[in-house]
Amino acid sequence: MPIEALDHYNLCTADLDRSRRFYEDVVGLRDGERPPFARPGAWMYLGDHPILHISTSRAPTTAKADAFDHVAFRASGLAQMRERLAARQIRFQEFSVPDRELVQIFFRDPDGAEIELLFSGEAAREAIAAGMRADATVGRST
C-alpha cells in the first residue's frame, strides 16, 4: 500500500470568503467545484486538482497545538511574488536554502497558517548571488 502522491490539505477558517480571496489573490489557487457537504467550505484548485480544502467545521487556532508547521508550494515569479505581498502589506520572510539554488518565502494566511513558496531557477540564483545568506531574513518584513 505505497503512498502515491499528496492529494490535498485542509485548513479551518473563521471567515470563508476572506480565505477564498486570499488563496486566489495572493497564492494563485482557483476556487472551484466542491461537493454539497452540510457545512460551508471551499475547494481551491491547482490546475485541475483541488489541492486545498477550506473548512468551517471548527474554529482555527494560531497556537501550534499540533505537529503541523507549514505547507509549501513550488512557485515561479520570485520578483512578482515579492511585489504582490508587499502591495498587500503581507509580512514575509525570505531565505536561501544552504547548498541549493533555492529561495523560500514564508508568510501566513489570514487565520495564521504558514505558507512557504519555493523558487528555483535564474531568479533564485540571482537573489543568492546578490548576497542573500542562508537562513538569514532578507530585509523584508513588509
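Two strands count as paired if DSSP finds at least two bridges between them. Helices (H or I, at least four residues) and strands (E, at least two) are DSSP runs numbered from the N terminus. This is a predicted model, in which local features need pLDDT of at least 70 and side-chain atom pairs count only at pLDDT 80 or more, while totals for chains, interfaces and linings use all residues. Residues are numbered from 1 along each chain as its sequence is written, and side-chain values use heavy atoms, with hydrogens and water left out.

**Overall make-up**

- The chain holds three helices and eight strands, in the order β-α-β-β-β-β-α-β-β-β-α from the N terminus.
- Of the 142 residues in the chain, 38% are buried, where buried means under 20% relative accessible area, exposed over 50% and partly exposed in between (1.4 Å probe, protein chains only).

- An open sheet of four strands has the order β1-β4-β3-β2, with mixed pairing.
- β1 (9–12) and β2 (30–32) are at the edges with a single partner strand each, so one side of each has no neighbour in the sheet.
- On average, neighbouring strands of this sheet are turned by 35 degrees against each other, direction ignored; axes are lines fitted to C-alpha atoms, for helices over the stretch in contact, and angles run from 0 to 180 degrees between N-to-C directions.
- Four bridges join β1 and β4 (residues 49–55) in the parallel sense, and tyrosine 9 lies opposite leucine 52 in β4.
- Helix α1 (residues 16–27) packs on the sheet and touches β1, β2, β3 (41–46) and β4; contact means heavy atoms within 4.5 Å.
- The direction of helix α1 makes about 5 degrees with that of β3.

**Serine 19**

- Serine 19 belongs to helix α1 and is buried, with a relative accessible area of 1%.
- Leaving aside residues up to four places away in sequence, serine 19 touches Thr13, Ile54 and Asp111.
- The side chains of serine 19 and aspartate 111 make a polar contact of 3.3 Å, that is, a pair of N or O atoms within 3.5 Å; within protein, one must be able to donate a hydrogen and the other to accept it, and residues adjacent in sequence count only if both atoms are side-chain atoms.

- β6 (residues 92–96) pairs with β7 in the antiparallel sense over five bridges, and phenylalanine 92 stands opposite phenylalanine 107 in β7.
- β7 also pairs with β8 (residues 114–119), in the antiparallel sense over six bridges, with valine 103 opposite phenylalanine 119 in β8.
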